[in-house]
Amino acid sequence: MSYETLQTLWFILIAILWIGFYFLEGFDFGVGMLLPFLGKKDEERRAIINTIGSVWDGNEVWLLTAGGATFAAFPHWYATMFSGFYLPLFLLLVGLIIRGISFEYRSKDPNPAWRNRFDWMIAVGSFLAALLLGTAFANLAKGVPIDANMNYVSPNGFVTTLGLLNPYGLIGGLTTVTVFLLHGANFLTLKLEGELRERARAISKKLYLAAAALTTLLLIATYIYTDIRTKLGVNPGIIPIASYAALLLTISFINRKMEGWAFISVAAHIVLTQITFFTLMFPRVMVSSLNPDWSLTIYNASSSQYTLTVMSIVALIFVPIVLAYQGWTYYMFRKRISTDKKTLIY
Amino acid sequence: MDPITLSRWQFGLTTVYHFLFVPLTLGLGWFVAYMQTRYYQTRDETFLKMAKFWGKLFLINFAIGVVTGIVQEFQFGMNWSEYSRYVGDIFGAPLAVEALLAFFMESTFLGVWIFGEGRVPEKVHLASIWLVALGSNFSALWILLANGWMQHPVGYVINEAKGRAELVDFFALIANPKGWMFFWHTISSGLATAAFLIIGVSAYHIIRKQNVDLFKRSFQMAVVVGLVTSLSLFLAGHTMGQYMYETQPMKFASVEAHWETSAPADFSIITIGDLSGKREVWSWRLPRVLSFLACNNFDCEVRGVNDIQAEYEALYGPGDYIPLMVVTYWTFRFMMTIGFFMIAASAYFLYLSLNDKLEKSKWLRWMPAMISLPYIANMSGWILTEMGRQPWIVQGLLKVEDAVSPNLTTLDLWISLIGYTVVYGALAVAMVKLMTKYAKAGPDAAMHESVDVVPALVGADD
C-alpha cells in the first residue's frame with residue numbers, strides 16, 4: 001500500500017477506536033454518573049453497577065488502544081496532544097483511576113460509609129472523564145496554539161492548559177456529559193427490571209431535554225468557533241444532519257417505551273457525531289490556531305511507511321479476534337439485572 | 001525543582017508504584033488458574049475454595065495494577081513528548097500491540113471470570129482465568145520488549161531529516177535478547193512474589209490452625225514454585241548481567257562500583273565510597289568473581305567506570321555518563337540478598353512440608369512479614385535497571401534531559417506530582433485494608449460473591 005493510503009487507513013482506524021470508545025464507554029460513564037442519584041438502596045446501586053460490571057474494563061481498553069495506536073501511527077499527534085492537554089489528561093486519569101478502583105472495591109466492605117464513598121467516586125470519576133474528553137475534543141476541532149515545532153505553547157507560561165477552558169470547550173464538555181448521561185439512562189432502562197427500570201426511564205426523559213438543548217447549542221457554536229463552513233460547507237452533509245435527527249428521534253422512542261430503539265438512536269447520534277468530528281479534522285489531526293501551516297496532519301505526524309505496514313498487518317489479524325470475543329461477552333451477559341442479592345456480584 | 005527533575009520524580013514514583021502490583025498479578029493468576037483446573041479435574045472442594053480465596057486476593061490486587069497502568073501508557077506523551085517524537089516510530093508499536101493483544105484479553109476475560117460463574121459453561125469459565133493469566137503475561141512481554149529496546153536499541157536507523165529513530169526490522173525488535181531476558185526475569189519474579197504471598201498468608205492460618213488442609217496444600221504448591229522461580233531468577237539475572245556487560249558496560253561497572261579496569265576483576269560485597277561518590281574508600285571483595293559474572297570466566301578483563309567514561313566522552317561528547325552509583329550499587333545488593341534468602345526459605349520449607357514437620361517450625365511465624373521481601377527486590381531491580389541507564393533514556397541515542405516535554409511548567413508538574421501522590425497513597429490504604437481483611441478472613445468469606453453474605457467473618461479480625 002502507498003504511504004498515503006496507510007496514513008489514511010490509520011487515521012480511520014484510530015477514528016474507529018475513538019468511536020467505539022465513545023459508544024461503549026459512553027453508557028458506562030452515564031451509568032456511573034447516574035449511580036448515586038438513581039440508586040437509593042444498596043442493592044439498587046449494586047444492580048446498577050452490575051449492568052456494566054462485566055464489560056466496563058474491556059470498554060475502557062478502547063481508549064488505551066486508541067492511545068497506543070496514536071503513539072505507534074502518529075507519534076507527533078500523540079506527543080503534541082498528550083503534552084499539550086497535560087492537566088485535563090491528568091484529571092481524566094484521576095477520574096478513570098478512582099472510578100475503576102471503585103467498581104472492584106465498593107462491595108468488598110459492608111460498611112455503608114465505605115460503599116457510599118466509592119459510589120460517589122464512580123460518579124465523580126465518570127463525570128470528570130466525560131467532561132474532559134468532551135472539552136478536549138471540542139478544542140481539537142477549534143484549534144489550539146501549536147507552534148512551528150509542533151509544540152503546544154502555553155498562553156501564559158504559568159499553567160499549560162488553562163486555555164482549553166474556553167466557552168466552546170466547555171460547551172463540548174457539558175454536551176458530552178449530558179449525552180453520555182442519556183446514553184447511560186437508556187442502557188439502564190434496557191438492562192434493569194422493575195421499579196428501578198421505570199426510574200431510569202423517567203430520568204431519561206429529562207436528560208433528553210438537556211442533551212437536545214446542549215447539542216443544539218454545540219451545533220450553533222461549531223459554526224462560530226470552528227472552520228466547518230469552509231471545511232464541510234454551510235450544509236455540512238448527510239452525516240451531521242442524520243446525527244442531529246437521531247438524537248431528536250430519541251424522545252419519541254422513550255415516550256413509547258421502546259428502550260431498545262432509544263438506545264440505538266442515541267448510539268447512532270454518538271457514532272455519527274464522532275464521524276463528523278473526524279471528517280472535519282481530516283487530514284489534520286491537530287489544528288494550529290496560530291498558523292494553519294503549523295497544523296499537524298496525517299502526513300507530517302505519522303510514523304514511517306514500514307511501521308505503518310507492520311502495524312496494519314498486526315491490526316488486520318487481531319482486531320477481528322478482539323471484536324469477536326468482546327461481542328461474545330455482550331451476548332453472554334445479555335440478561336436483565338435484578339436487585340435480587342443472590343444474583344448480584346459487585 | 002526544574003521541570004526535568006519533577007518529571008523524573010513523577011515517572012519514577014508512578015512506575016515503581018505501578019510495578020508494586022504488577023508482579024503479583026503476573027504470578028498469582030497462574031496459581032488461581034491451576035487451582036481451578038485441579039478442582040475441575042478432581043471435584044475436590046478444597047481446590048475450589050483455594051481458587052476462590054486466592055482469586056479474591058488476585059482481584060483486589062489486579063484492580064490497582066489496571067488503573068495505574070493507564071497512567072503508564074499516557075505519560076510518555078504527557079511528560080516525555082520529545083522522547084515520544086524521537087522513538088514513537090519504534091516504541092509505539094509494541095505498546096499498541098500490548099493494548100490490542102493483551103489488555104483486551106485480560107480485561108474482557110476477567111469480566112467473564114468474575115461474572116461468568118454459573119452463567120457461562122464451566123469450561124469457558126475455567127478457560128477465562130487461563131486467558132486472564134496469559135493476557136497479563138503477554139502484556140508484560142510487550143512492554144518489556146519496548147523497554148528492552150530502550151536499554152539495547154536494535155532494528156532501527158536514524159532518520160536525520162526527521163530527527164528520529166525509525167524501525168527497519170520489526171523482527172529484530174521482537175527478538176531483542178534484552179527484552180526476552182527481562183521477560184524471563186519478570187515472570188520468575190512474579191511467580192516468586194505470588195509464592196511468597198501464598199507462603200506468608202498460609203503460614204498465618206496454619207499457625208492458627210484454621211483451614212489447615214487448604215493452607216498446607218497452598219503452602220506446598222507455593223514453596224515448590226518459590227524454589228524453582230527464585231533459582232530461575234538467579235539464572236536469568238546472571239544471563240542478564242553478562243548481556244549487560246556486553247551492551248551496557250557502564251551500568252554493569254556502576255552496579256559493581258568497579259572503578260578501574262582490571263583482569264581478573266574482584267566482586268565487591270560491600271564498598272564504601274567517599275562523599276563525591278567517585279572514589280572508593282574501603283571495600284570487602286571476593287577475588288575474581290566479577291570476571292565470572294561478566295564473562296563466565298575467572299580471568300577475563302572487566303572494564304571499569306573511569307575507562308568507559310573516557311570512551312563515552314570520546315564517542316558522545318563531553319558529559320557525565322556515570323549513573324548514580326550509590327543507587328545502582330545498593331539496589332543490586334538488596335535484590336541479591338533477598339534472592340538468596342528466598343532460595344533458602346523456600347528450600348527449607350519445602351523440606352519441612354515434604355517431611356510433614358511444617359507446623360513444628362518456629363520460623364513459620366516469620367513468614368507473613370516476609371511477604372514484603374519480594375516487593376523490595378522487585379522495586380530494587382527496576383530502579384537499578386532504569387537508573388543504571390542514566391543519563392540515557394534510550395541507551396546511546398537520546399538523553400533524558402532531551403526527552404522531556406518542553407511546554408510543561410513547574411506548576412503543571414507540581415500539580416500532577418502532588419495529585420498522583422495523594423491519589424496513589426489513598427489507593428494503597430484501601431488496597432492494603434482489603435487485602436489484609438480478606439487474607440485474614442480465610443476461604444469462607446471468599447466463597448461468597450459479595451461480602452454481604454458473611455459480614456461477620458470478613459470483619460472478624462478488624
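Modeller: Let us begin with one residue. This is a predicted model, and in it Lys216(B) has a relative accessible area of 23%, so the residue is partly exposed. The side chain of Lys216(B) meets that of Glu359(B) in a salt bridge, with 3.0 Å from N to O.

Biologist: Which parts of chain B does the pair Glu359(B) and Lys216(B) tie together?

Modeller: Glu359(B) lies in the loop between α11 (325–354) and α12 (367–370) of chain B, while Lys216(B) belongs to helix α7 (residues 212–247), so the pair ties together parts that are 143 residues apart in sequence. Glu359(B) counts as partly exposed, at 39% relative accessibility.

Biologist: Which residues does Lys257(A) join in a network of salt bridges?

Modeller: The network links Lys257(A) with Arg197(A), Glu198(A), Arg201(A), Glu259(A) and Arg336(A). Within it, Lys257(A) forms a salt bridge with Glu198(A), and their closest N and O atoms are 4.0 Å apart. Lys257(A) lies in the loop between α10 (238–255) and α11 (259–281) of chain A and Glu198(A) in helix α8 (residues 194–225), so this pair ties together parts that are 59 residues apart in sequence. Glu198(A) is partly exposed, at 34% relative accessibility. The backbone of Lys257(A) also deserves attention: its phi is near 60 degrees, a positive value in a residue other than glycine.

Biologist: Where in chain B is Arg43(B) found?

Modeller: Arg43(B) is found in the loop between α1 (3–42) and α2 (45–79) of chain B. Although not a glycine, Arg43(B) has a positive phi of about 60 degrees. With a relative accessible area of 41%, Arg43(B) is partly exposed.

Biologist: How does one describe a pair of packed helices?

Modeller: Two packed helices are described by the angle between their axes and the distance between the axes. Here, helix α4 (residues 122–151) and helix α13 (residues 372–387) of chain B have axes that come within 10 Å and cross at roughly 40 degrees. The two helices α4(B) and α13(B) are therefore oblique to each other.

Biologist: Which residues of α4(B) and α13(B) meet?

Modeller: Leu144(B), Asn147(B) and Gln151(B) of α4(B) meet Trp382(B), Thr385(B) and Glu386(B) of α13(B).

Biologist: What is the handedness of the disulfide between Cys295(B) and Cys300(B)?

Modeller: The torsion about its S-S bond is about -45 degrees, so the disulfide of Cys295(B) and Cys300(B) is left-handed. The S to S distance between Cys295(B) and Cys300(B) is 1.8 Å, and the structure holds one disulfide over all chains. Cys295(B) is partly exposed at 30% relative accessible area, whereas Cys300(B) counts as buried at 15%.

Biologist: Which residues are joined to Pro264(B) and Pro391(B) by cis peptide bonds?

Modeller: Ala263(B) is joined to Pro264(B) by a cis peptide bond with omega about -5 degrees, and Pro264(B) is found in the loop between α8 (249–255) and β3 (267–273) of chain B. Gln390(B) is joined to Pro391(B) by a cis peptide bond with omega about 5 degrees. Pro391(B) lies in the loop between α13 and β5 (392–394) of chain B.

Terms used: Residues are numbered from 1 along each chain as its sequence is written. Chains are lettered from A and ligands numbered from 1 in the order in which they are written. This is a predicted model: local features need pLDDT of at least 70, side-chain atom pairs count only at pLDDT 80 or more; totals for chains, interfaces and linings use all residues. Side-chain values use heavy atoms; hydrogens and water are left out. Axes are lines fitted to C-alpha atoms, for helices over the stretch in contact, and angles run from 0 to 180 degrees between N-to-C directions. Helices (H or I, at least four residues) and strands (E, at least two) are DSSP runs, numbered from the N terminus. Angles under 35 degrees count as roughly parallel, over 145 as roughly antiparallel, 65 to 115 as roughly perpendicular and the rest as oblique. Contact means heavy atoms within 4.5 Å. A disulfide is a pair of cysteine sulfur atoms within 2.5 Å. Buried means under 20% relative accessible area, exposed over 50%, partly exposed in between (1.4 Å probe, protein chains only).
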